[in-house]
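Today I opened the notebook to look up charged side-chain pairs. Here is the model I worked from.

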Amino acid sequence: MALAAFTFMSCDDYETYGEKKEKERDAIAAYIAENNIKVIDEATFTANGEKTSVENNEYVYLEKSGIYMQIERRGAGEKLEENKQVNILCRFAEYNINDSYYQAGNMNTNTYPDKFTVQRIGSTITASFIQGVMQSYYGNSVPEGWLIPLLYINIGRQTSADEEISKVNLIVPHSKGQAYAQQSVYACHYVITYQRER
């Protein structure tokens, strides 16, 4: 009798992939509501010159990827060149949306920034981590969610006091996230700065 009860409980606790995705969608919707995020569509984003209003807490929903992106600072320099491999330095904070906790980051530490090598061919961007927290936690693969902003922001370095490096805020579903997010089906919110290595 005890064995039968245990078997029933184990089956009852099992979640299908579809159920996990639904839970993730609900978590993202709740996060957007709780943080008073105003979601705009890509047509509005394009009409606004590919800008999001930080004052209005706007995020553009990029339908193809499922990512929500706020460009806080477009940054110094130029957009990522085509057919040229460059190294990018990042500072970031990673927040697990499904479980509501800060998960990883180096935004407010004296540790080295994360570094990845990247190349763009058309709208396709490939990248691999060389050093940093993300590499040590999740491996060499750069989450696709981290690469999509590179189509919209500038990748340079500060050359004067009034210039700032690029900074974005992202809501990244598991399908575009790091290895653990993909395995466990959870979304993350990221704050990320990008700058070209010297």
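I began with a network: salt bridges link Glu-81, Lys-84 and Arg-196. My rule for a salt bridge was a side-chain nitrogen of Lys or Arg within 4 Å of a carboxyl oxygen of Asp or Glu. By this rule I got nine salt bridges.

A note on the source: this is a predicted model, where local features need pLDDT of at least 70, side-chain atom pairs count only at pLDDT 80 or more, and totals for chains, interfaces and linings use all residues. Residues are numbered from 1 along each chain as its sequence is written, and side-chain values use heavy atoms, with hydrogens and water left out.

Next I looked up Glu-81 with Arg-196, and their closest N and O atoms are 3.0 Å apart. Glu-81 sits in the loop between S3 and strand S4 (86-96), Arg-196 in strand S9 (residues 188-196), and 115 residues separate the two. I took helices (H or I, at least four residues) and strands (E, at least two) as DSSP runs, numbered from the N terminus.

Then I checked accessibility, calling a residue buried under 20% relative accessible area, exposed over 50% and partly exposed in between (1.4 Å probe, protein chains only). Arg-196 is buried at 18%, while Glu-81 is partly exposed at 28%.

My next entry is the salt bridge of Glu-72 with Lys-167, at 3.4 Å between the closest N and O atoms. Glu-72 belongs to strand S3 (residues 67-73) and Lys-167 to strand S8 (residues 166-172), 95 residues apart. I found Lys-167 buried at 18% and Glu-72 partly exposed at 31%.
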